[in-house]
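Work through the exercises below with the sequence and the model open. Each task is followed by a solution in steps.

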Amino acid sequence: MAFIVKKKIHNKEYYYLNENKRVDGKVKTKTLAYLGKTRKGAEKKMNEFFENLRKKQTAHIIDKNMQKTPSASEKAEISIGSLATFCKRKGFVYQSGEIYGGFAGFWDFGPLGVEMKNNIKKEWWRFHVSEREDIVGIDGSIITHPKTWEASGHVDSFSDIFVICKKCKKPRKIDKNEVVKAKCDFCGGEYDLSAAKEFKLMFETIVGEGGKAFLRPETAQLIFTNFKSVYDTSRLKLPCGIAQIGKSFRNEIAPRDFLFRSREFEQMEIEYFVNPEKSSCPYKIPEAEILVYSEEAQKKIFNPVKMKISEALEKGIIKKDWHAYWLATEFLWFVNLGANPDNFRIRQHASEELSHYSSDTWDLEYKFPFGWKELEGIADRGNYDLSQHEKTSGKDLKILDEETKKKILPSVICEPSLGVERAFLVFMFDSYSYNKERENIILKLHPKIAPIKAAVFPIVKGNGFEKIAKDVYYDLKKEFNVIYDTGGSVGRRYSRADEQGTPFAVTVDGDSLKDKSITIRDRDTTEQVRVKIKDVRDVLRKVIISGEDLFKLGKKVNTRVK
Ligand code: GAP
């Protein structure tokens, strides 16, 4: 139970919000917040405190309405190679430099791909930055001061070990402690383990008249080098985070699996800072059930166990509440955008696998067709980076903790770090389906992720249909990426839109001329509703952005062509 208490210090009154809790049979009192110097102000602040708490506790929940994953009968297995072919055929992604024979590890996004990639980044930013009060963003430079990478340890230790296949001479990256028993993926040959070599991963470049510099291999370091400036110029208070989306470059020895491991990719990263002396998480751990694969389970060769992330925390499998919070939050970001929860697990890094800067790392992994792989790393980096930059630059990066009036160097309790391209693959794999009755591929992408939000068709050419359809198209175009299509029968146009993942098709038909209405077809059910032309944009906004039910916003109709 919480209550206001008044304390007198040197004849002045101070108000606090205290809470009594029974722990092991004894009542313990904890101060929840300082409420100021007047009774009236204290009551106002207490209400604000509970309002904020309520917001925090309801911030991240699974929204079942937003899930659009294919049904079991529609789910179509697709290999990574076939997905690459599909992406090329539909204009999502092309091999970079293809006309010159291709450039390994580099990919270009086509008209659909760039829209989808932008949507992923937009949704990530909205969820992690715009909707939160404790995270702000930056956009740092790609070529960064060379000292950055000395301080961070990348110059010395950012490298991979690789081995070469004795038969086909193709290289393969191995983890530093891995004994390669595997056969070559390309020809089945054996690897020459005696000739394992170290390969530096940072791309070098020359700045001006000869200064060597590096292209950043992670966006994170820019957050650390800018930390003090951001903290001093924004209204952040610990615990708080700084986010960034941007390109990263790694000279991968063996880029592979389409976009999964490339040499140029984009990262969406947050460094989440806390005061190391009072670092408990004030947020409720979001409800999320997932396969949990601890270091201990991996070493004892046990299977991962499905449980609530909050339960894994209670049982001590996940050590810190912040780690549980970020793992659940990241998992739910994917699920609420239509990813299939059954394809995810969380895996703890074994101690010998940890990066030089991390004391504990959990990966959010995804079941790719080529095995369980890292989708997003969530590392506890402590104050390794800030103290390294303090040492190397000679600058004081400490901040003043307003409550204790002490100068502290914050710790990064969690670093959620996700590759945009890996997220792109997840949404592709989980939405790709084949419908036998409709005899076509349907990309059941969440409307927020779908590259094209609606396709506008006149049912046939002429008779004034095109004029109305064009007007609707131009009106929708002001707000959404939509297309106008007159090629082939309406059925053919529907299937083309389905393959591109377009969630809605707007058709101008014979009745439109009379009743000033059109039909909106839902990609996944093929059901249609009739909506007044003047309301189309508003209806689509409600369905796409707020997740409202299309069938409650118009009159359901039966049409000949589904
Ligand atoms: N700042 C921490 C960091 O960079 P990381 O595990 O090396 O950690 C984070 O990378 C994420 O970036 C990965 O989980 C993955 O999603 C993405 N990523 C890393 N290397 C990649 C590559 N070569 N190609 C595509 N994505 C990559």
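**Exercise 1. Backbone geometry in two loops**

Task: Where is Pro239 found, and which residue does a cis peptide bond join to Pro239?

Solution. Step 1: Pro239 is in the loop between α7 (227-233) and β13 (240-249); helices (H or I, at least four residues) and strands (E, at least two) are DSSP runs, numbered from the N terminus. Residues are numbered from 1 along each chain as its sequence is written. The model is predicted, so local features need pLDDT of at least 70 and side-chain atom pairs count only at pLDDT 80 or more, while totals for chains, interfaces and linings use all residues, and side-chain values use heavy atoms, with hydrogens and water left out.

Step 1: The partner is Leu238, and omega of the cis bond is about -5 degrees. Most residues other than glycine have a negative phi, and most peptide bonds are trans.

Step 2: Turn to the loop between β13 and β14 (264-274), where Asp257 has its place. Asp257 is not a glycine, yet its phi is positive, about 55 degrees. Phe258 lies in the loop between β13 and β14 and also has a positive phi, about 60 degrees, without being a glycine.

Step 3: With a relative accessible area of 9%, Phe258 is buried (buried is under 20% relative accessible area, exposed over 50%, partly exposed in between; 1.4 Å probe, protein chains only).

**Exercise 2. Cysteines**

Task: How many disulfides does a search of the whole structure find?

Solution. Step 1: A disulfide is a covalent bond between the sulfur atoms of two cysteines; the criterion is a pair of cysteine sulfur atoms within 2.5 Å. Step 2: The search finds 0.

Step 1: For Cys165, the closest cysteine sulfur is in Cys187, at 3.6 Å, which is too far for a bond. Cys165 is buried, at 1% relative accessibility.

Step 2: For Cys281, the closest cysteine sulfur is that of Cys414, 8.9 Å away and too far for a bond. Cys281 also counts as buried, at 12%.

**Exercise 3. Two helix pairs**

Task: What is the angle between α2 and α12, and how do α3 and α10 cross?

Solution. Step 1: Helix α2 (residues 80-90) packs on helix α12 (residues 420-431) at about 95 degrees, with the axes 12 Å apart. Axes are lines fitted to C-alpha atoms, for helices over the stretch in contact, and angles run from 0 to 180 degrees between N-to-C directions.

Step 1: That makes α2 roughly perpendicular to α12 (under 35 degrees is roughly parallel, over 145 roughly antiparallel, 65 to 115 roughly perpendicular, the rest oblique).

Step 2: Ile80, Leu83 and Cys87 of α2 are in contact with Phe424, Leu425, Met428 and Phe429 of α12 (contact means heavy atoms within 4.5 Å).

Step 3: Helix α3 (residues 111-130) and helix α10 (residues 321-335) cross at roughly 140 degrees, their axes coming within 11 Å. The two are therefore oblique to each other.

Step 4: The crossing of α3 past α10 is right-handed (left-handed if the near helix is turned anticlockwise from the far one by less than a right angle, right-handed if clockwise). Ile120, Glu123, Trp124, Phe127 and His128 of α3 make the contact with Trp326, Thr329, Glu330 and Trp333 of α10.
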